[in-house]
Amino acid sequence: NVYVAGVGPRPDDPFQFQFDAVVLKIDPAGNLIWQRAFPGGDVTDARGGIDVAPDGSVYVGGGFQGPVGGGFANDGLMLKLTSDGSLVWARRWDGGFAEDMAVAPDGRIVFVGGTSLGQGDGDAFVLRLEPNGKTSDASAWGGLGLDGGRGVGVAADGTISLGAVAEQPPYTLAGAPGHTARARVSVSTPTVPLVDAAGTVADPNGVVETPNGSTTYGGQFEAALVRIAP
């Protein structure tokens, strides 16, 4: 089966700025098995990707925006679902939005994204949660500029490969606040139909070029690959 995570407008929203994270489960033939929306606050989104654990649990990363405790939250969002779309837990991380996530071989969930809690204008963060939603550890990587995490993969031995955008060295890996809080997120079932998309697949006849890469800072923004020991 295929799981898809995205975002959709909140039904009956009078202000037209509220959105919900949406998750679909589709069979190999393209038929919809179920769809769920997860409203909370003003906006919940699933920009942070989706992954499925060996036990069938579905994890979704993204963002949460809305009033919390007399203030306004602009947090990362982490969801755990069962294979039938039921919500197990929802957690907020007060540090930045999740941009990608992956389930590690030991069952922990790794979320990465961008945070303002580091040493510069922005850093990449790596947040690991246990399957029960409790924090295992949190780190921030970056330099003095505007850096951020964009992708993550976890090897069989637990090594984390963080894909990041980097602006200005020197870069360091340091601890970050790991506290998460319960996110008040509900579950609804949208009635949006799944339809075939029109269009054709064509060869663009493009030219692939290999730039001369460098392992030193060249100014502006650069891509970075950071490997973190288990």
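Predicted model: local features only at pLDDT ≥ 70, side-chain atom pairs only at ≥ 80, totals over all residues.
The largest pocket has a volume of about 350 Å³. Its lining comprises 21 residues, and Gly8, Val22, Gln35, Pro190 and Val192 lie closest to its centre. Strand β1 provides the largest share, with six residues. By residue class, the lining divides into 14 nonpolar, six polar and one charged.

The backbone shows a cis peptide bond. It runs from proline 169 to proline 170, with omega near 5 degrees. Proline 170 belongs to the loop between β14 (160-166) and β15 (172-175).

Positive phi values occur at two residues described here. Aspartate 12 is not a glycine, yet its phi is positive, at about 60 degrees. The loop between β1 and β2 holds aspartate 12. Its relative accessibility is 79%, so aspartate 12 counts as exposed. Asparagine 205, also a residue other than glycine, has a positive phi near 55 degrees. This asparagine 205 sits in the loop between β16 (180-182) and β17 (222-228). Asparagine 205 is classed as exposed because its relative accessible area, 64%, is over 50%.

Aromatic pairs come next. A pair of aromatic rings is described by the distance of the centres and the angle of the planes. The structure holds four such pairs. One of them joins tyrosine 59 and tryptophan 89. The geometry of this pair is tilted, with 6.1 Å centre to centre and 50 degrees between the planes. Tyrosine 59 lies in strand β6 (residues 58-68) and tryptophan 89 in strand β8 (residues 87-93). The two residues are 30 residues apart, and their pair links distant parts of the chain. Both tyrosine 59 and tryptophan 89 are buried.

Tryptophan 141 and tyrosine 171 form another aromatic pair, and this one is stacked. The ring centres are 4.9 Å apart, with 25 degrees between the planes. Tryptophan 141 is in strand β12 (residues 135-142), whereas tyrosine 171 is in the loop between β14 and β15, so the pair ties together parts that are 30 residues apart in sequence. The burial of the two partners is as follows. Tryptophan 141 has a relative accessibility of 9% and therefore counts as buried. Tyrosine 171 is partly exposed, at a relative accessible area of 29%.

Arginine 128 is part of strand β11 (residues 123-129). Its relative accessibility is 11%; arginine 128 is buried because this value is under 20%. The side chain of arginine 128 makes a polar contact of 2.9 Å with the side chain of aspartate 137. Beyond its neighbours within four places in sequence, arginine 128 is in contact with Arg108, Ile109, Val110, Lys134, Thr135, Ser136, Asp137, Ile160 and Pro230.

Alanine 164 is placed in strand β14. Its relative accessible area is 7%, and alanine 164 is accordingly buried. With neighbours within four places in sequence left aside, the contacts of alanine 164 are Trp141, Gly148, Gly149, Arg150, Glu222, Ala223 and Ala224. Trp141, in this list, is the tryptophan of the stacked pair. Leucine 81 is 83 residues away from alanine 164 in sequence. In space, the two are 27 Å apart, C-alpha to C-alpha.

Aspartate 157 lies in the loop between β13 (148-154) and β14. At 55% relative accessibility, this residue is exposed. The side chain of aspartate 157 reaches the backbone nitrogen of threonine 159 at 3.0 Å. Proline 105 is 52 residues from aspartate 157 along the chain, and their C-alpha atoms are separated by 7.7 Å.

Definitions and conventions:
Residues numbered from 1 in each chain as written. Heavy atoms only, no water. 1 Å grid on protein atoms, 1.4 Å probe; cavity = no way out; pocket = protein on both sides within 12 Å on 5 of 7 lines; lining within 4 Å. Points joined across faces, edges and corners; volume = space filled by probe spheres on them. Helix = DSSP H or I, 4+ residues; strand = E, 2+ residues; numbered from the N terminus. Nonpolar A, V, L, I, M, F, W, Y, C, P; charged D, E, K, R; others polar. Buried < 20%, exposed > 50% of the residue type's maximum accessible area, 1.4 Å probe, protein only. Polar contact = N/O pair within 3.5 Å; in protein donor to acceptor, adjacent residues only side chain to side chain. Contact = heavy atoms within 4.5 Å. Phe/Tyr/Trp six-rings, centres within 6.5 Å; stacked < 30°, edge-to-face > 60°.
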